Amino acid sequence: MPKMKSRRSAAKTFKVTATGKIKRRKAFRSHILTSKSTKRKRHLRKPTHVDKTEARKVRTFLLA
């Protein structure tokens, strides 16, 4: 049986923390930043966790 391969796009996008949560970047931070407030841009800088409803799906991308 061949080796299982992870989806490379998911491996580059998500990271698994030591506690098992999946870390991701926030969206809406790539362009048209002049129309967004400084506070909004500052909050978008920080990474966040994938929601638990989506975590199982992302985990299969990373491990399968």
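## Close-up views of a predicted model

View 1. The side chains of K57 and E54 meet in a salt bridge, with 3.5 Å from N to O. The term stands for a side-chain nitrogen of Lys or Arg within 4 Å of a carboxyl oxygen of Asp or Glu, and by this rule the count comes to one salt bridge. This is a predicted model, where local features need pLDDT of at least 70 and side-chain atom pairs count only at pLDDT 80 or more, while totals for chains, interfaces and linings use all residues. Residues are numbered from 1 along each chain as its sequence is written, and side-chain values use heavy atoms, with hydrogens and water left out. K57 and E54 both belong to helix α3 (residues 52-63), where they sit three residues apart, about one turn of the helix. Helices here are DSSP runs of H or I with at least four residues, strands are runs of E with at least two, and numbering starts from the N terminus. K57 is partly exposed because its relative accessibility is 46%, and E54 is partly exposed too, at 37%. For these labels, buried means under 20% relative accessible area, exposed means over 50%, and partly exposed is in between (1.4 Å probe, protein chains only).

**View 2. R59, another residue of helix α3.** Helix α3 also holds R59. This arginine is partly exposed, as its relative accessible area is 32%. If you follow the chain, R59 and K15 are 44 residues apart, yet in space their C-alpha atoms are 9.9 Å apart.

**View 3. The open three-stranded sheet.** Here the strand order is β1-β2-β3, the sheet is open, and the pairing is antiparallel. β1 (15-16) and β3 (48-49) stand at the edges with a single partner strand each, so one side of each has no neighbour in the sheet. As a reminder, strands of a sheet pair through backbone hydrogen bonds, either parallel or antiparallel. In this model, two strands pair if DSSP finds at least two bridges between them. Strand β2 (residues 22-24) and β3 are joined by two bridges and run antiparallel.

**View 4. K23 and H49 across the sheet.** Zooming in on the strands, K23 of β2 stands opposite H49 in β3. K23 counts as partly exposed because its relative accessibility is 36%, and H49 is likewise partly exposed, at 39%. Each of these residues also has a C-alpha distance to look at. K23 and T13 are ten residues apart along the chain, and their C-alpha atoms are separated by 8.7 Å. For H49 and S30, a separation of 19 residues in sequence goes with 19 Å in space, C-alpha to C-alpha.

**View 5. A positive surface patch.** Four residues, R8, K12, K15 and K23, form this patch. Patches are made of residues with over 30% relative accessible area and no salt bridge; like charges are joined within 9 Å, and nonpolar side chains (Val, Leu, Ile, Met, Phe, Trp, Tyr) within 5 Å. Lys and Arg count as positive and Asp and Glu as negative, with His and the chain ends not counted. The place of a charge is taken as NZ of Lys, CZ of Arg, CG of Asp or CD of Glu. Accessible areas come from the Shrake-Rupley method with a 1.4 Å probe, and for residues only the protein chains shown count as cover. R8 lies in helix α1 (residues 8-13). With a relative accessible area of 53%, R8 is exposed.

View 6. Where do F28 and I32 lie? F28 is in the loop between β2 and α2 (38-45), and I32 is also in the loop between β2 and α2. Phi of F28 is near 70°, a positive value in a residue other than glycine. For I32, another non-glycine residue, phi is positive as well, near 55°. F28 counts as exposed because its relative accessibility is 62%, and I32 is exposed at 56%.

**View 7. K46 in the loop between α2 and β3.** This last stop is K46, found in the loop that lies between α2 and β3. K46 is exposed, since its relative accessibility is 56%. K46 and K26 are 20 residues apart along the chain, and 7.4 Å separates their C-alpha atoms.
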